[in-house]
Amino acid sequence: MTDGTFEPDQRLHPTSWLFAVFAFVRQLIVPLAAAAFFGSRDGNPTWLWPVAAVILAAALWKQWFYRYGLGPTGLVIREGLFFRNVRQIDYARIENIDTERSLLHRLLGVAEVRVETSTGGKAEASIQVLGLAAAEELRERVFAARGGEAREHTARKAEDVLLAMSTAEVVKFGLIDNRGLIVVAGVVGFLYEAGVMEVWSVVLRAAVSPELMARLIARGMVIQIALMLIVLLGAVLVLRVLSVALALFTFHGFTLTRVDNDLRTSYGLLTRLSLTLRLQRIQAAHVTQTLLHRVFDRVAVRVDLAGGGASPEAQQQGRGRVRWLAPLAAPNRARELIARALPDVDFTRTTEWQPLSPRAYGRVMRKSAALWSVVGLGFAVMLHALWPFLLIAVGVPISMCYAAMYVRYTRWALQDDALFFRRGWLTRKLVIVPRNRVQVVCLGESPFDRRYRMASLRVDTAGAASPTDQIRIPYLDLEVARELARALETTAAAQTKAAPAEVAGT
Amino acid sequence: MLDQRVDPATVSVWRVETTAIAVFIAFSCAGPLLEDSIVLAVAVFCAVMVISVPLGWWWSKARYERLSYRVDDLGVTIREGVWWWTHKSVPRVRIQHTDVSQGPLQRRYGVATLKLYTAGSRYTKVELEGLRHEDALALRDRLLSKEAQGD
């Protein structure tokens with residue numbers, strides 16, 4: 001390395017120690033809470049003071065000896081005095097520089113800067129914390145150092161707002177997206193852990209006295225059902241309100257802008273996130289449309305980024321977070337945005353959708369009906385009853401409907417430049433993968449597939465964080481699947497050779 | 001280039017491995033019965049072995065028969081699977097780095113596993129098991145040299 005003699009000289013923001021303290025406390029929260037809980041029984045927790053002093057000292061120590069700098073070939077970070085660690089991240093390897101600002105960050109005018117690379121999470125750096133100006137400078141200088149092309153663009157730096165969500169849109173997002181459930185689950189989980197549920201049952205027993213229960217029961221069936229409906233409606237309403245509130249907190253002021261040649265999103269009410277989506281790194285676009293989306297005539301659009309990290313440690317660090325292109329947009333607008341995000345793909349042509357194998361319907365139907373039958377028979381045997389056979393009777397028509405919908409809404413299309421795959425009837429999902437982003441193609445033949453001369457095709461791309469995002473086209477005729485695999489293989493290899501810049505990009 | 005087979009010696013490696021697994025399963029089935037009756041435990045042990053050892057031997061052979069690979073200008077293609085057949089193609093330009101690894105058993109029989117790492121999500125690591133060690137090294141070098149030429 002030519003950077004051997006380079007000494008980083010930039011320092012962290014003077015308030016960094018505060019955030020370091022928070023980080024330490026967050027790491028130690030479980031043992032600390034346990035110790036405080038058990039320790040509090042025998043009087044005042046005097047032992048807390050030395051612990052606090054050690055944490056404070058460690059935080060100050062970290063800030064004092066932390067240096068970063070922009071070397072000739074990469075970002076250099078030096079930590080520690082006795083155990084010294086020097087980390088170098090080549091500019092070419094830096095994928096994203098994201099900033100995250102919680103309420104405290106914003107009060108102090110600082111930001112936590114995350115430097116992401118394409119590897120699974122090792123060479124990543126989190127600079128905690130920098131002043132806003134320093135963070136912006138770092139971002140600009142890193143991207144400027146990336147090479148001539150980027151430098152050219154910085155000269156005529158223009159921010160071009162592609163999408164700005166109004167508050168009404170964010171509220172709509174909250175109504176559609178059932179995040180309230182996550183909040184409730186989280187709160188219930190937390191309360192349960194904290195032992196509040198025990199207390200709650202005591203309170204409930206005291207409030208709902210036996211007389212009240214008796215009176216309710218005496219009211220008769222209609223009133224009972226009405227009460228239940230009211231409770232259910234109330235629950236749904238509360239969930240929606242929570243969802244909207246959560247959406248407002250997370251997505252307030254969502255904007256998608258074009259800066260130089262990259263896209264940048266920033267959003268959040270208290271914690272403000274600013275994420276860079278570099279066009280070179282975008283691997284695939286996902287469009288989701290649930291039933292509620294259709295009611296509002298909207299879709300949600302996400303993109304996969306290389307190095308977005310499917311690895312568990314990356315997800316723990318919150319790097320697996322969703323990269324929204326548009327949490328909510330009208331379908332036409334969404335198309336334009338996707339066209340911006342995937343400039344290699346020609347969206348002017350009409351997509352020629354291909355169906356699955358004509359025999360797919362039979363297989364899906366039989367599979368589903370078999371499942372219903374097994375469950376029905378299982379219950380019948382276990383309970384020594386006849387009613388489970390009803391399950392089988394109901395299961396067959398349901399399976400037929402399901403198979404018809406499944407076959408009708410699962411479609412794929414191969415263009416010169418991209419593979420399209422959509423599926424789902426109630427929740428419709430569309431994935432668009434530029435062909436030069438394909439990593440591995442895997443043709444699979446299960447014993448059933450072989451019987452029907454069919455195959456399934458998996459198309460692997462980088463950055464598909466969850467298994468549901470990965471492309472698997474099932475029930476293809478074997479010849480069709482082979483042809484498709486062959487076509488994808490050749491272009492995955494060939495197109496990258498034509499554009500060597502992409503090799504580094506993926 | 002035509003599809004190539006791996007080294008037949010790998011069948012022995014897999015046979016030893018499956019036999020070891022069979023012994024382990026037989027022990028864990030028979031172990032809890034030992035307190036009740038020794039005869040029953042021995043009978044269960046033998047029964048499990050009689051079923052699983054030949055199965056393992058057959059499976060090792062079948063796996064070898066099914067496993068083939070091809071290396072061409074585009075990349076590496078691997079066919080494998082006894083019940084679930086797969087046909088994986090890894091484009092050469094997508095190979096990030098490679099490993100050649102050898103377990104103690106593999107070393108005894110002179111075979112190795114070639115691991116190809118990609119930036120993908122599901123197939124971040126594609127393994128080709130059972131190559132002769134020299135062949136694995138040669139193949140790795142070949143992939144690396146072509147990679148360098150491509151850039």
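How many Å separate the centres of domain 1 of chain B and domain 2 of chain B, taken over C-alpha atoms? Hi everyone, let's start with that one. The separation of those two centres is 28 Å.

Before going on, a word on what we are looking at. This is a predicted model, in which local features need pLDDT of at least 70 and side-chain atom pairs count only at pLDDT 80 or more, while totals for chains, interfaces and linings use all residues. Residues are numbered from 1 along each chain as its sequence is written, and chains are lettered from A and ligands numbered from 1 in the order in which they are written.

Back to chain B. Its domain assignment gives domain 1 as 4-64 and domain 2 as 68-150; such bounds come from an automatic or database domain assignment. Where the two domains touch, 13 residues come from domain 1 of chain B and 13 residues from domain 2 of chain B. By contact I mean that the C-beta atoms of two residues, placed from the backbone, lie within 7 Å. On the domain 1 side, strand E1 (4-5), helix H1 (9-30) and helix H2 (38-66) of chain B each give two or more residues. Helices (H or I, at least four residues) and strands (E, at least two) are DSSP runs, numbered from the N terminus. H1(B) has the largest share of that side, with 6 residues.

Chain B also has an open sheet of 3 strands, in the order E5-E6-E7, with antiparallel pairing. Strands count as paired if DSSP finds at least two bridges between them. At the edges sit strand E5 (97-101) and strand E7 (125-132) of chain B, each pairing on one side only. Between E5(B) and strand E6 (residues 111-117) of chain B there are 5 bridges, and in this pair Asp99(B) stands opposite Lys115(B).

Now over to chain A. Its secondary structure comes to 18 helices and 19 strands. Of the 506 residues in chain A, 33% are buried, where buried means 20 or more other C-beta atoms within 10 Å of a residue's own, exposed means 12 or fewer, and partly exposed is in between, with C-beta atoms placed from the backbone. The domain assignment here gives domain 1 (2-156), domain 2 (175-251) and domain 3 (360-505). Domain 2 of chain A and domain 3 of chain A have centres 38 Å apart, taken over C-alpha atoms.

A hairpin of 3 residues joins E1(A) to E2(A), and Tyr68(A) has Ile77(A) as its bridge partner in E2(A).

So how do the chains meet? In chain A, 29 residues are in contact with 23 residues of chain B. Strand E17 (438-445), strand E18 (454-461) and helix H17 (478-498) of chain A each give two or more residues to this side. By type, the chain A side divides into 14 nonpolar, 10 polar and 5 charged residues. Ala, Val, Leu, Ile, Met, Phe, Trp, Tyr, Cys and Pro count as nonpolar, Asp, Glu, Lys and Arg as charged, and the others, Gly among them, as polar.

Strand pairing reaches across the two chains as well: E17(A) and strand E4 (residues 85-91) of chain B run antiparallel, joined by 5 bridges.
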